[in-house]
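I opened the notebook to look up a few sites. The entries follow.

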Amino acid sequence: MKPVVVDAMGGDNAPSIVIEGVREAIDAGIPVELVGDPHLADDCGDIVLHAASEVIGMAEEPGRAVRNKKDSSIVRAAELVRDGHASAMVSAGNTGAVAAAALLRMKRIKGVSRPAIATTLPVPDRPPKILLDSGAMADCQPDWLQQFARMGSAFSQVRYELQTPRVGLVSIGEEPEKGNQLVKDTHQLLAEDKTINFIGNVEGRDVLSGDVDVLVADGFTGNVILKTLEGTVQFLVGEIIAALTSEAAASVGAEALGHLAPIAAELNPDAVGGAMLLGVNGVAIISHGSAGPTAILNACRVAKDMVERELVAELTSAVAD
């Protein structure tokens with residue numbers, strides 16, 4: 001397959017951690033190339049490096065940055081996919097800029113109104129959940145959310161091999177009449193859509209339950225859910241570790257931590273690799289800004305899998321009327 005291109009300049013720990021992750025991916029048999037500052041050539045060694053003289057910072061306004069910094073690593077990575085040199089792109093950089101560059105350079109899949117960021121939510125001992133949109137489109141229309149539902153269902157089938165993923169619409173109550181006008185109108189569309197397994201409205205408490213596989217929301221709501229989950233997990237992990245390493249728990253703490261370690265590893269976002277931008281004409285993965293080498297490795301692994309399983313073709317079929 002054609003190589004996966006990775007943005008060497010993206011993320012809080014770039015470029016050294018990104019290069020380390022790419023080396024691990026190459027050692028695992030995944031064809032990977034880098035895009036970034038040409039002065040990194042010595043650090044990259046025998047890894048192919050595509051020169052990009054500009055960097056889009058995490059705090060920059062995405063649309064303006066993509067338009068003005070045409071030689072940025074994010075934009076060049078998207079162009080390498082568009083031009084057929086690469087099969088997929090990975091970046092731990094500015095999320096909005098990655099989404100904008102992929103949209104403007106790769107273009108939308110035919111029939112797609114707006115792209116969506118699909119985030120995997122790991123759940124111990126259960127298939128992971130898919131949350132979309134988790135930040136690409138803060139303001140949405142009902143038909144866009146319907147497409148998100150179709151794309152999320154297709155993504156769940158391709159990535160996690162679920163035959164009939166259960167799709168839920170995030171709302172403030174299970175009843176169809178609950179929610180704002182967007183949710184009510186979307187509920188009607190989804191209830192009439194025979195291409196998905198729509199189970200109705202789901203509430204915030206259901207996000208990690210075993211009752212739903214794909215959670216559909218506008219980008220504002222989805223991002224709030226995602227950041228709330230991240231903060232809650234970090235808080236709980238910190239409190240549990242503090243309690244089990246205290247003097248009062250000395251006799252049982254080490255043993256308990258040993259039992260909890262596998263769960264913590266499964267919940268670690270590095271194990272997922274990153275979120276998938278659905279709806280563009282190519283595979284684009286957005287890793288967390290604090291991604292470590294393992295996250296970059298896993299993002300490359302997922303990118304390779306999605307290319308080989310023809311995710312874009314499956315999404316194209318899913319949104320076709």
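Which residues is His 85 in contact with, leaving aside its neighbours within four places in sequence? I looked up the list and found Lys 2, Pro 3, Glu 33, His 50 and Leu 80. I keep in mind that this is a predicted model.

**Entry: His 85**

I placed His 85 first. His 85 sits in the loop that runs between α4 (73-82) and β4 (88-91). Next I checked the side chains. The side chain of His 85 makes a polar contact with that of His 50, at 3.4 Å. His 50 is also among the residues on the contact list above.

Then I looked up a distance. Val 5 is 80 residues from His 85 in sequence. In space, the two are 9.2 Å apart, C-alpha to C-alpha.

Is His 85 buried, exposed or partly exposed? I read a relative accessibility of 33% for His 85, so I noted this residue as partly exposed. The cut-offs I used are under 20% for buried and over 50% for exposed.

**Entry: Ser 72**

Ser 72 lies in the loop between α3 (62-68) and α4. Its relative accessibility is 0%, so I put Ser 72 down as buried. What does Ser 72 contact, neighbours within four places in sequence aside? I found Ala 52, Glu 54 and Ile 56.

**Entry: cysteines**

How many disulfides does a search of the whole structure find? I got 0. Cys 300 is accordingly in no disulfide, and I noted its nearest cysteine sulfur. That sulfur belongs to Cys 44 and is 13 Å away. A disulfide needs the two sulfur atoms within 2.5 Å.

I also checked burial. Cys 300 has a relative accessible area of 0%, so I recorded Cys 300 as buried. Cys 140 has a relative accessibility of 15%, so Cys 140 counts as buried too.

**Entry: cavity**

I found 1 cavity of 30 Å³ or more. About 40 Å³ of space lies in the largest cavity.

Which residues line the largest cavity? I listed Gly 10, Gly 11, Asp 12, Asn 13, Ala 14, Ile 17 and Val 18 among them. The lining also includes Ala 92, Gly 289, Ala 291 and Ile 296. I then sorted the lining by class. Asp counts as charged, and Asp 12 is in the lining. Gly counts as polar, and the lining has Gly 10, Gly 11 and Gly 289.

How values were computed. Residues are numbered from 1 along each chain as its sequence is written. This is a predicted model: local features need pLDDT of at least 70, side-chain atom pairs count only at pLDDT 80 or more; totals for chains, interfaces and linings use all residues. Side-chain values use heavy atoms; hydrogens and water are left out. Helices (H or I, at least four residues) and strands (E, at least two) are DSSP runs, numbered from the N terminus. Buried means under 20% relative accessible area, exposed over 50%, partly exposed in between (1.4 Å probe, protein chains only). Contact means heavy atoms within 4.5 Å. A polar contact is a pair of N or O atoms within 3.5 Å; within protein, one must be able to donate a hydrogen and the other to accept it, and residues adjacent in sequence count only if both atoms are side-chain atoms. On a 1 Å grid over the protein atoms alone, a cavity is a set of points where a 1.4 Å probe fits but cannot get out, and a pocket is an open set with protein on both sides within 12 Å along at least five of seven lines; lining residues have an atom within 4 Å of a point. Grid points are joined across faces, edges and corners, and a volume is the space filled by probe spheres set on the points.
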